Amino acid sequence: MGPVTLLPPVPFYTAPGSTTEPARRRLLLISYHYPPGQASGVLRWQRLTRYAAERGWALDAVTLAPADLPDQDPARLADLASGTRVYGVSRSRLLVPRLEALASRSYRVLRPGRPHERANRTSRPLRRALHACLEYARDLEWARVAAALTCRLFAADGHHAVISCGPPHMAHEAGRIVAARTGRPWLMDLRDPWSLLERSGTDDVASPVWYRLARRYERPAVDAAALVVMNSDPARQAMQRAYPAAAKKIIAVMNGFDEYDPPQVTRGPFTVTFAGSIYLDRDPNLLLRPAARAIRSLGATPDQFRIEFIGHADAAALHAMARAQGIVPYVSTRYFVPHGQLGTLLAQAAVLVSLNQDSDLAIPAKVFEYLQYDAWVLALAERGSATELVLRDTGADVVSPKNEEAIEATLRERYVQFAAGTRPTRLAPALPHLSRRAQADRLFDAIELLVSPTAVCEPTEAHPTKA
């Protein structure tokens, strides 16, 4: 029997206008989060794909299969540049998710008969360590399958470079594998720090084991990458301190804001809006408590002062917080809003809020998006954090989350201005260096230094069956 020839993978989506001929300048992206997904990490490369096209680069993306997505937004696929092909890797049939359920059942069987409170206290570190191991195993299994598929794409089309984007950061292990097999330059793009992350994902995996595994995989990745991209300048500096030998190849490329005219809307009452997910480190009470005091001191009614939360959050918990402050009629929540409709809601806000986070190295992507709207921007951030540094001297209101008196005073001042007829204007026109275009130019300038912009790559020998 002769050698088996594997056909090239078939994309689940091809952007209209693309051809079946291999692109002369083509990049390959591995990212667990990409359209049509709705996770916060999707938007970075959704938009960068268009800027790549402007520079003459077409892009293939390997991402999570649509069938495994909890939420989908087909409009995100329609936003991709012509020539973009998207390939899915499923995790539904992978072994590790089944092992997770088995481990959970086995754990309960092996620790019977303990008093509930004592068992909970003593078992929590072990349970977190187990969950951390399972998370890495699950993501590694997906990454190896993604790497195998990516190598087949390289063998078929011959791309100029591979890019991995995380979190989940095991996408970088897939990028390392592909670069080793194909010999192509590899760019490692970290939307959030990895081993330097100040908070390890969710409470379930908050274990020293998570960080040991992060260092275990991060160090060889940094050594192998041709370029390491961080999402803020403080993150770049921290990464350079951690890996001084690689300092010259570590750069910062922020998300930036997209240049467009916001929707024209009819404003209603004074509305304070937060858009985004409420993670463990974001405390809505730091907004609700001073807002409640401002409302009482102003004598504002629910028809005059509104607080709106848009995004993934526990609506019942938010309602309980509002009830504790006596402002239930003033607060509303929207769990899911398609990105196209979100713009209208943001345009109606008088104040756009960025809640606190416990990562001083990261900048919430919404901070940049807020700059494009005719609204006052209120960021709860400590001085010296990445968020405070990027907004310093921009006209945004940046207040320490520990200073609730200052938050209250800011809300009162903006309400009085709004009631007097003053309307905010967007900050973006005065900040071109914070645009996504400016950040994309920095990124693709760096990529084009790694690869010849005129060379045509020949298909490479790849071994997709070995991970």
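Contact means heavy atoms within 4.5 Å. The structure is a predicted model, in which local features need pLDDT of at least 70, side-chain atom pairs count only at pLDDT 80 or more, and totals for chains, interfaces and linings use all residues. Residues are numbered from 1 along each chain as its sequence is written, and side-chain values use heavy atoms, with hydrogens and water left out.

**Exercise 1.** Determine the place and the surroundings of R282.

*Solution.* Step 1: R282 is placed in the loop between β9 (270-275) and α8; helices (H or I, at least four residues) and strands (E, at least two) are DSSP runs, numbered from the N terminus. Step 2: the relative accessible area of R282 is 12%. Buried means under 20% relative accessible area, exposed over 50%, and partly exposed in between (1.4 Å probe, protein chains only), so R282 is buried. Step 3: with neighbours within four places in sequence set aside, R282 is in contact with F274, S277, L355, N356, Q357 and P364.

**Exercise 2.** Classify C133 by its relative accessibility, do likewise for C151, and state how many disulfides the structure holds.

*Solution.* Step 1: C133 has 38% relative accessibility and therefore counts as partly exposed. Step 2: C151, at 0%, is buried. Step 3: a disulfide is a pair of cysteine sulfur atoms within 2.5 Å, and the structure holds zero of them.

**Exercise 3.** Describe the largest nonpolar core.

*Solution.* Step 1: a nonpolar core is a set of buried Ala, Val, Leu, Ile, Met, Phe, Trp, Tyr and Cys residues joined through side-chain atoms within 4.5 Å. Step 2: the largest has 59 residues, and F270, F305, I307 and I327 have the most contacts inside it. Helix α8 (residues 285-298) gives the most to this core, namely seven residues. Step 3: a second, separate core has 49 residues, including Y87, W142, L153 and V222.

**Exercise 4.** Give the strand order of the open sheet of eight strands, and identify a helix that lies across β2, β5 and β6.

*Solution.* Step 1: the order is β1-β4-β3-β2-β5-β6-β7-β8, with mixed pairing; two strands pair if DSSP finds at least two bridges between them. Edge strands β1 (13-14) and β8 (250-252) each pair on one side only. Step 2: β2 (residues 26-31) and β5 (residues 161-166) run parallel and are joined by five bridges; S31 has C165 in β5 as its bridge partner. Step 3: the helix is α5 (residues 171-182), which runs at about 165° to β5. Axes are lines fitted to C-alpha atoms, for helices over the stretch in contact, and angles run from 0 to 180 degrees between N-to-C directions.
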